[in-house]
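Dear colleague,

I am passing on the structure below, together with some notes on what turned up when I went through it. Please keep it open beside you as you read.

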Amino acid sequence: MTRFWHARELSTVAILALEVIFFTWYLWPEGARAHPFLNAPNGLLILKYSSIYGIAAIGAAIVIISGGIDLAPGAIIALTSVITGYLFVEHGWSLAVSASAGFMVGVAAGLVSSWLIVGVGLPPFIATLGVMGIARGAAFIITEARYYDLSRTIPPGSRLLGVPIDWIAPVVMIGAALIFQLLMKRFQWGRAIFAIGGNETAALFTGIAVGRIKTSVYVVAGLLASASGIVLAVAQGQGKADLATGYELDIIASAVVGGASLAGGRGSVVGAVLGALIFGVLRNALPQIPGATFYDRLIVGLVVIVIVVLDQILVRHER
């Protein structure tokens, strides 16, 4: 099993490399013009916005490994940006304190989702769908069709804790990926998540506190979605209720393409980050091809279907 998932991560790296090679070749400019895709500023742009998805995709992968699903990260990202912007711009709180309040959005959303799933017994799809609606609605109620302009205080080119703004999201994503990869592979908490996703009844009989672990999983996913919301608000310089609309599909797709099995019990945190980079390259390169601007959604949907079908075939083969 371990060898399989190492191979899956390597195959994801191979897909990413082939994707970069293809767009580098296809978009090769005529004459001495600069390459529109293969250049340092564009590479940073891809990394910057892929990281917004990638941070939340880490949480989505952990939820999927546990046998659940989370539809709320996009709405949590938006509400977090609104809360952070509201306190930072309207009340003059420091960015650190405002961001801390933003993180509480993720904690609250995770606790509500886990209570509905563990305590009430709702399916994860229904529970997180409800939390998604509540979070998005709360963001619109707070903003009243306005947005909070953080860029007046944090202009482009600023540094936070010595890190340039453009590098905040990649640094957070890489740090989160390393931490949670270690937790999932080397600590009892991570092993319990894999066990619950593989066979919840068996995990319960082996003494694993299933309810407590599931609660922690949704709280962690909420925290990571809030982290995405904070870095997105800082990167774009605004807190808005309609930010991250439709991100749910992209975040789940990143986790699935990176190796998370919707059947539960298998997946990879690093794979989820690689999946986010695959879709980030796609969204960046397609608009540079005439007539291909709106094909990214279609391709994302097709890729998710193909990956899930292949995963189900592999599951049946293993059985």
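This is a predicted model: local features need pLDDT of at least 70, side-chain atom pairs count only at pLDDT 80 or more; totals for chains, interfaces and linings use all residues.

Helix α9 itself covers residues 210-236, and its 27 residues reach 39 Å from the first C-alpha to the last, which is close to the 39 Å expected at 1.5 Å a residue. Of those 27 residues, 21 are buried, so α9 is largely enclosed by the rest of the structure.

The largest nonpolar core has 95 residues, and those that touch the most other members are F23, I58, I62, I77, F180, Y247 and I251. If neighbours within four places in sequence are left aside, F180 is in contact with I58, I62, W189, V220, L224 and V269.

There are also 4 salt bridges in the structure, and I describe two of them here. D166 pairs with K48, with the closest N and O atoms 3.0 Å apart. D166 lies in helix α6 (residues 165-186) and K48 in helix α2 (residues 40-65), so this pair ties together parts that are 118 residues apart in sequence. D166 is partly exposed, at a relative accessible area of 34%, whereas K48 is buried, at 10%.

D250 forms a salt bridge with R283, where the closest N and O atoms are 2.7 Å apart. This pair links distant parts of the chain, with D250 in helix α10 (residues 247-257) and R283 in helix α11 (residues 269-285). D250 is buried, with a relative accessible area of 0%, and R283 is buried as well, with 19%.

With best wishes

How values were computed: Residues are numbered from 1 along each chain as its sequence is written. Side-chain values use heavy atoms; hydrogens and water are left out. A nonpolar core is a set of buried Ala, Val, Leu, Ile, Met, Phe, Trp, Tyr and Cys residues joined through side-chain atoms within 4.5 Å. Buried means under 20% relative accessible area, exposed over 50%, partly exposed in between (1.4 Å probe, protein chains only). Contact means heavy atoms within 4.5 Å. Helices (H or I, at least four residues) and strands (E, at least two) are DSSP runs, numbered from the N terminus. The expected span of a helix is 1.5 Å times one less than its number of residues. A salt bridge is a side-chain nitrogen of Lys or Arg within 4 Å of a carboxyl oxygen of Asp or Glu.
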